[in-house]
Amino acid sequence: MRRLALVLVIIGALNWGLIGLLNFDLVATLFGGSTSFISRTVYALVGLAGIYAITLLFNYRDDRDRI
């Protein structure tokens, strides 16, 4: 689960980087526009992965405190 969340967060970060630097939305281009069902699903999954990644930050902190 952690690895999948990390992959989705990386995809989201790369997509936002492309939008910011080149005004190019890769997800929308690949899946038929930003309003298509598949694109919206990818955006939602990336968002959920970002929320899940917040828990990884706190888990990492707890792991370091145990050492």
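Where is the place of Ser36?

Author: Ser36 sits in the loop between helix H2 (26–30) and helix H3 (37–66). Helices here are DSSP runs of H or I with at least four residues, strands are runs of E with at least two, and both are numbered from the N terminus. A word on the source: this is a predicted model, in which local features need pLDDT of at least 70, side-chain atom pairs count only at pLDDT 80 or more, and totals for chains, interfaces and linings use all residues. Residues are numbered from 1 along each chain as its sequence is written, and side-chain values use heavy atoms, with hydrogens and water left out.

Ser36 is buried, its relative accessible area being 16%; buried means under 20%, exposed over 50%, and partly exposed in between, with a 1.4 Å probe and protein chains only. Its side chain reaches the backbone oxygen of Phe31 at 2.7 Å. The side chain of Ser36 also makes a polar contact of 3.1 Å with that of Ser39. A polar contact is a pair of N or O atoms within 3.5 Å; within protein, one must be able to donate a hydrogen and the other to accept it, and residues adjacent in sequence count only if both atoms are side-chain atoms.

Now for the other loop, between helix H1 (2–22) and H2, where you'll find Asn23. Asn23 is exposed, at 71% relative accessible area. Just after H1, it takes a positive phi of about 55 degrees, although Asn23 is not a glycine. Most residues other than glycine have a negative phi.

On to H1 itself. Ala5, Leu8, Gly12 and Asn15 are buried in H1. Looking down the helix axis, the buried residues of H1 fall within an arc of 95 degrees, so they line one face of the helix; the arc is that of the directions from the helix axis to the C-beta atoms. The face turned away from that buried side carries exposed Arg3, Leu6, Leu14, Leu21 and Leu22.
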